[in-house]
Amino acid sequence: MKLGQYVRLMKAMSKAHRKFTCTSCGTKTEVLGDFCMCSNCESIAHYDSVAISRKDPTLSNSLKLIGDALAAGNYEGVIAEYEKLYQYKRDPLLLYAEALAYIRYSNRTYAGISYDRPGFMEDNAAMAENAMKLASTAKALLAKSIKASRDDMAEGNSSPDSLYGLMLAQLKLGDLRGAKDSLDAMEKLNIPLVYNYAAMMLDAQKSDYRKVMAHADTILRSKNILVNAFFYAGLALFGLGSRNDAMKLFKSMSAVSESSAVPLLVSEIAERV
Ligand SMILES: [Zn+2]
């Protein structure tokens with residue numbers, strides 16, 4: 001697709017004014033169809049905040065606290081809330097989303113290290129050690145999430161969300177072989193949109209930008225447009241050398257979406273290429 005087509009589609013989508021809340025991280029994402037992928041953690045979101053608070057007020061309350069803490073960059077608060085929430089609801093995707101918070105916390109701690117300030121070497125060493133600890137906790141949580149998903153599936157949970165959640169954790173952990181196995185299993189479930197999105201994530205991790213763009217275009221041509229596909233289209237443009245077009249796409253994305261997760265996702269994409 002050409003840049004102009006992406007921008008036109010994006011504008012049409014923003015007029016839908018409908019958002020679903022992610023039950024893993026509390027982020028609200030624009031939706032045009034029955035479900036969407038969260039623009040913060042990429043979990044599948046199926047409900048709006050009203051439906052969630054009616055179905056499960058405890059979860060709804062906790063998600064609000066997590067979402068607010070995330071938006072404020074208060075990672076200690078985010079982590080404390082996840083620990084409580086997981087006791088209440090043993091969902092492997094909560095472990096995955098908590099791991100993401102640890103990864104971002106670790107990245108922010110690394111970013112705070114400065115070697116050009118005299119007399120700060122000890123502070124720097126402490127920060128580097130702390131950042132490493134946070135990153136290793138993230139890995140442990142991802143491994144725990146994978147195990148919990150596998151246990152769920154062994155007990156007969158065959159929902160696409162479970163398999164998709166397993167693949168998210170495998171991708172974050174860099175287990176591409178495991179992710180490919182999950183993707184193959186997902187293909188058999190015959191939900192083309194989820195399959196295409198998952199395949200797009202795997203191809204992005206493999207830096208196969210032509211395939212990323214093909215998947216993004218397929219998703220954007222469907223009725224149930226997944227807003228994150230615009231990000232992947234931008235990533236593919238970036239990776240294929242059309243950096244100006246990619247930046248234009250990201251800019252119109254930020255203008256259209258109110259989500260605080262947009263700048264986060266853009267910076268993550270920029271780091272990857
Ligand atoms: Zn989320």
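## Walking through the helices and loops

Let's start with a pair of helices: α3 (residues 57–71) and α4 (residues 75–88) pack at an angle of about 160°, and their axes lie 9 Å apart. That angle makes α3 roughly antiparallel to α4 (angles over 145 degrees count as roughly antiparallel, under 35 as roughly parallel, 65 to 115 as roughly perpendicular and the rest as oblique). The axes here are lines fitted to C-alpha atoms, for helices over the stretch in contact, with angles running from 0 to 180 degrees between N-to-C directions. Helices (H or I, at least four residues) and strands (E, at least two) are DSSP runs, numbered from the N terminus.

Before going on, keep in mind that this is a predicted model, where local features need pLDDT of at least 70, side-chain atom pairs count only at pLDDT 80 or more, and totals for chains, interfaces and linings use all residues. Residues are numbered from 1 along each chain as its sequence is written.

Back to the pair: α3 passes α4 in a left-handed crossing (left-handed if the near helix is turned anticlockwise from the far one by less than a right angle, right-handed if clockwise). On the α3 side, T58, S62, L65, I66, A69 and L70 meet G77, V78, E81, Y82, K84, L85 and Y88 of α4. Two residues are in contact if their C-beta atoms, placed from the backbone, lie within 7 Å. By class, this contact of α3 with α4 has 8 nonpolar, 3 polar and 2 charged residues; Ala, Val, Leu, Ile, Met, Phe, Trp, Tyr, Cys and Pro count as nonpolar, Asp, Glu, Lys and Arg as charged, and the others, Gly among them, as polar.

Y82 of α4 also leads us to L95, which sits in helix α5 (residues 92–111). L95 and Y82 are 13 residues apart in sequence and 7.9 Å apart in space, C-alpha to C-alpha. L95 is buried, since 24 other C-beta atoms lie within 10 Å (buried takes 20 or more other C-beta atoms within 10 Å of a residue's own, exposed 12 or fewer, and partly exposed is in between, with C-beta atoms placed from the backbone). Leaving aside neighbours within four places in sequence, L95 is in contact with Y86, L141, K144, S145 and A148.

S145 turns up again in the next helix pair, among the α6 residues that meet α7. Helix α6 (residues 121–154) and helix α7 (residues 160–173) pack at about 155°, with axes 9 Å apart. So α6 is roughly antiparallel to α7, and the contact between them divides into 7 nonpolar, 5 polar and 4 charged residues. α6 passes α7 in a left-handed crossing.

Further along comes α9 (residues 192–205), with 14 residues and a reach of 20 Å from first C-alpha to last, close to the 20 Å expected at 1.5 Å a residue; the expected span is 1.5 Å times one less than the number of residues. Its buried residues include L193, Y197 and M201. The buried residues of α9 pack against β3 (36–37), α7, α8 (176–187), α10 (209–221) and α11 (228–239).

Finally, a look at some backbone angles. S207, which follows α9, has a positive phi near 55°. N190, in the loop between α8 and α9, has a positive phi of about 60° although it is not a glycine. E42 lies in the loop between β3 and β4 (44–45), and its phi is positive too, near 70°.
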